[in-house]
Amino acid sequence: MGQHTTYTLLAGVPVELTRKNIRRMHLRVRCEDGGVTLSAPLGVPRSMLERFVGDNADWIAQKQREMQALPKRQLHRYRMGETIWLWGERRILAESAERTEGFRLQDGRAFLWLPPNAAEARRIYFAHEAYRRELACAIGEILPGLSAQTGLAAAEWRIKNMKTRWGTCNIRARRIWLNLQLAAKPRRCLEYVLLHELLHLVERYHNRRFYALLDHYMPSWRETRGLLNRSPGNL
C-alpha cells in the first residue's frame, strides 16, 4: 500500500495529511505559505491525529508567525537591471555584450542576452541552468570534505527546484536531492544542508541522536539554519 494525501481539518487546523509507511508522525509548517503538513503511519486513527495536532497547536501558531515575518519571495523575471542573488550576494542583471543566447555568471556579475521577442520562460530557463551549474560546482567542492569528516558518502546527488524543502535524502538508494534555490543563499547554508542530509544516512529521524550528530560536526548549525530561512535570496 502506497502513500495517500488528503486535505482535512484537524483540531481546527487545515492540514495536508499524508499517510505512508512510516513509524512516527511528522509535523511541518511550510516556509513559503505557512501551510501545515502532517505525515502519519498508515494505521493511525483520526482521533490520534486530532490529539497530535492539538497538542502542537501553540508550536504551529508560533511557526506561522515566524513565517509571516520572513521577507516575501520576489518572483524573478530576469530582465535587465533586475536585482538577483548568488551565494547570498546581490547582483544586477546586465545585458551581455556577447550576442550569444544565454545567461552567464562571471566575475561577480550576471549577464543575459536573448532576442527581443524571446519568451519569459526562456529567460527563466537559461537563468536556472546557470544557477544549476554554480550549485553543482559548489556541491562537488564541499561534499568530499564532509564525507571525509563524517565517514558518510551518498551514492549520488541530484538537483531540483523544490518548493518546501532545502534537501531530501533517499536512505535506501543513498541519494541526496538539493534544492536549486540554495544557489541564491550564502554558501555555508549549502554546507549545512549537505551535512543534514548526509546524517540521515545513519539516522532517519530528527531525534536526539540526529541533533547530537549535527552538534558534533557543525556546532553553529542553528545559526546557519536561521540564516538559511531568513536570508532574502531566491531564484
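**Note on charge pairs and burial**

1. Arg 30 counts as buried because its relative accessibility is 14%, where buried means under 20% relative accessible area, exposed means over 50% and partly exposed lies in between (1.4 Å probe, protein chains only). The structure is a predicted model, in which local features need pLDDT of at least 70 and side-chain atom pairs count only at pLDDT 80 or more, whereas totals for chains, interfaces and linings use all residues. Residues are numbered from 1 along each chain as its sequence is written, and side-chain values use heavy atoms, with hydrogens and water left out.

2. What is the partner of Arg 30 in a salt bridge? The partner is Glu 16, and the closest N and O atoms of the two residues are 3.0 Å apart; a salt bridge is taken here as a side-chain nitrogen of Lys or Arg within 4 Å of a carboxyl oxygen of Asp or Glu. This pair links distant parts of the chain, since Arg 30 sits in the loop between E3 and strand E4 (36–41) while Glu 16 belongs to strand E2, 14 residues apart. Glu 16, with a relative accessible area of 22%, is partly exposed.

3. Helices (H or I, at least four residues) and strands (E, at least two) are DSSP runs numbered from the N terminus. Arg 46 is partly exposed at 40%, and Glu 50 is partly exposed at 28%.

4. The side chains of Glu 156 and Arg 175 also meet in a salt bridge, at 2.7 Å from N to O. Here too the pair links distant parts of the chain, with Glu 156 in strand E9 (residues 156–160) and Arg 175 in strand E11 (residues 175–179), 19 residues apart. Over the whole structure, a search finds 12 salt bridges.

5. Arg 23, Arg 24, Arg 172 and Arg 204 form a positive surface patch. Patches are made of residues with over 30% relative accessible area and no salt bridge, with like charges joined within 9 Å and nonpolar side chains (Val, Leu, Ile, Met, Phe, Trp, Tyr) within 5 Å; Lys and Arg count as positive, Asp and Glu as negative, and His and the chain ends are not counted. Arg 23 lies in the loop between strand E2 (13–20) and strand E3 (26–29), and counts as exposed because its relative accessibility is 65%.

6. Leu 135 and Ala 183 are 48 residues apart in sequence, yet their C-alpha atoms are 5.4 Å apart.

7. For the overall picture, the protein has six helices and 11 strands, and buried residues make up 43% of its 235 residues. Its C-alpha atoms fill a box of roughly 65 × 40 × 35 Å, taken along the principal axes.

Definitions and conventions: Areas by Shrake-Rupley, 256 points an atom, 1.4 Å probe, with all protein chains shown as cover. Charge placed at Lys NZ, Arg CZ, Asp CG, Glu CD.
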